[in-house]
Amino acid sequence: MEATANHTQIVTGWAGKDSSGKVTPHVFKRRENGPEDVTIKVQFCGMCHTDLHYLKNDWGITMYPVVPGHEITGIITKVGLNVTNFKVGDRVGVGCIYASCLNCEFCEASEENYCDQVQFTYNGIFWDGSITYGGYSEMLVANNRYVVRIPESLPLDAAAPLLCAGITVYSPMKHHNMFQAGKKLGVVGLGGLGHVAVKFGKAFGLHVTVISTSPNKEKEAKELLNVDGFIVSTDPKQMQASSRSLDYIIDTVSAKHSLGPILELLKVNGKMVLVGAPDKPVDLPSFPLIFGKRTVSGSMTGGIKETQEMLDVCAKHNIKCDIEIVTPDYINDALSRLARNDVRYRFVIDIASKSRL
Ligand SMILES: [Zn+2]
Ligand SMILES: [Zn+2]
């Protein structure tokens with residue numbers, strides 16, 4: 001294909017080739033490093049639930065072979081002629097966003113995530129017509145506009161999940177003014193997203209309550225993450241006892257669930273943000289909304305400027321993800337465990353492990 005004649009760089013990665021949900025080693029091509037581009041030697045890539053959905057074609061939009069991964073950290077090995085903000089050797093990251101129109105009101109406000117032509121880091125279509133391949137691979141070429149700097153004090157492994165899980169909760173928390181010390185925050189679901197939301201809440205001095213279906217998470221939530229309260233959402237007594245107690249709620253659950261009982265936990269005028277993405281409609285009864293003048297909204301990742309700001313905030317408050325590092329030959333086992341939520345709290349693939357041996 002003419003348009004991709006400059007795709008000459010051979011890269012090794014790991015791709016799903018059918019809906020089995022498994023990856024196998026995969027050799028493919030990336031474009032040459034253009035004037036606005038940087039080339040990144042991938043060091044680590046976090047494993048997000050979204051990867052699993054694409055691998056299994058749960059949303060019916062997967063273009064195989066799919067190379068997942070949008071929580072990428074690494075080292076710059078090449079910079080284009082017009083790139084002034086990065087140099088070879090810099091520690092950088094690439095998250096969910098790989099391209100956008102650069103002309104619309106959202107791109108101009110660095111809210112590229114809401115550009116109607118936004119293209120994601122994998123399973124997207126780049127400007128030249130090629131399909132994008134993500135961070136389950138040894139090397140990446142990215143336009144510098146979509147690259148962020150990883151602050152020195154953050155390790156590249158524990159920082160990787162911040163590029164999706166971190167910004168996904170940070171952006172709405174900031175937008176809805178949730179970083180007010182002393183206020184009461186509820187976090188629904190204690191997985192990759194939830195545990196980072198807890199850390200932001202604690203760092204900003206909020207009283208943080210986890211709302212979970214798993215009573216067995218209470219001990220470590222309190223001991224390791226220092227949460228102030230824990231509500232088992234399947235226990236109506238506990239839910240009842242906490243009604244009208246929270247100022248804000250972040251709901252990170254991606255399985256279908258009813259919002260009604262959770263909304264009752266909010267005070268009058270309380271705000272709830274959905275960041276998990278159940279593929280079936282969630283139940284949203286009107287009474288708890290109306291009788292409590294409550295608000296429900298949604299949010300999808302964040303813009304590049306805000307992602308950089310979030311990383312700097314994490315460096316300042318020493319916020320890192322709790323991760324389990326795996327080698328590439330363990331990706332399929334990790335995917336199976338991710339499917340049953342058997343991870344505390346994010347798998348991160350040590351992509352460069354071979355070259356470090
Ligand atoms: Zn993600
Ligand atoms: Zn745009």
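## A covered helix

Nine of the 11 residues of helix α4 (residues 165–175) are buried, so that the helix is mostly covered. A residue is called buried if 20 or more other C-beta atoms lie within 10 Å of its own, exposed if 12 or fewer, and partly exposed in between, with C-beta atoms placed from the backbone. Helices (H or I, at least four residues) and strands (E, at least two) are DSSP runs, numbered from the N terminus. The buried residues of α4 are Ala 165, Gly 166, Ile 167, Thr 168, Val 169, Tyr 170, Ser 171, Pro 172 and Met 173.

The elements that cover these residues include the helices α5 (192–203) and α10 (304–317), together with the strands β13 (246–251), β14 (266–274) and β17 (346–350). After α4 comes Asn 177, with a positive phi near 60 degrees.

## Basis of the description

The model is predicted: local features need pLDDT of at least 70, side-chain atom pairs count only at pLDDT 80 or more, and totals for chains, interfaces and linings use all residues. Residues are numbered from 1 along each chain as its sequence is written, while chains are lettered from A and ligands numbered from 1 in the order in which they are written.

## Two domains

The protein chain is assigned domain 1 (2–164 + 322–356) and domain 2 (166–298); such bounds come from an automatic or database domain assignment. The centres of the two domains, taken over C-alpha atoms, are 29 Å apart. Contact between them involves 13 residues of domain 1 and eight residues of domain 2, two residues being in contact if their C-beta atoms, placed from the backbone, lie within 7 Å. On the side of domain 1 that touches domain 2 there are seven nonpolar, three polar and three charged residues. In this count Ala, Val, Leu, Ile, Met, Phe, Trp, Tyr, Cys and Pro are nonpolar, Asp, Glu, Lys and Arg are charged, and the others, Gly among them, are polar.

From the UniProt record, an unreviewed entry, comes the feature "domain: Enoyl reductase (ER)" at residues 16–349. UniProt positions are given in the numbering used here, feature names are shortened, and annotations may be inferred rather than shown by experiment. Over residues 16–349 the chain is 25% helix and 25% strand, and 16 Å separate the end C-alpha atoms.

## The nonpolar core

In soluble globular proteins, nonpolar side chains tend to be buried together. A nonpolar core is here a set of buried Ala, Val, Leu, Ile, Met, Phe, Trp, Tyr and Cys residues joined through C-beta atoms within 7 Å. The largest such core has 96 residues, and those with the most contacts inside it are Cys 45, Leu 162, Val 169, Val 187, Ile 249, Ile 250 and Ile 349. Strand β3 (residues 37–47) supplies the largest share, six residues. The core lies between domain 1 and domain 2, because both give residues to it.

Apart from neighbours within four places in sequence, Cys 45 is in contact with Gly 69, Glu 71, Ile 72, Gly 135, Tyr 136, Ala 160, Val 348, Ile 349 and Ile 351.

## Helix α11

Buried residues of α11 (331–339) include Ile 331, Ala 334, Leu 335 and Leu 338. Seen down the helix axis, the buried residues of α11 fall within an arc of 105 degrees, so they line one face of the helix; the arc is that of the directions from the helix axis to the C-beta atoms. They pack against β1 (9–15), β3, α1, β16 (323–326) and β17. Asn 341, with a positive phi near 55 degrees, follows α11.

## Loops and backbone features

Most residues other than glycine have a negative phi, and most peptide bonds are trans. A cis peptide bond joins Tyr 64 and Pro 65, with omega about -5 degrees; Pro 65 is in the loop between α1 (49–55) and β4. Another cis peptide bond joins Arg 344 and Tyr 345, with omega about -10 degrees, and Tyr 345 is in the loop between α11 and β17.

Ser 110 has a positive phi near 50 degrees and is found in the loop between α2 (105–108) and β7 (119–120). With 17 other C-beta atoms within 10 Å, Ser 110 is partly exposed. Asn 226, whose phi is positive and near 65 degrees, sits in the loop between α6 (218–223) and β12 (229–232). Asn 226 is exposed, because 11 other C-beta atoms lie within 10 Å.
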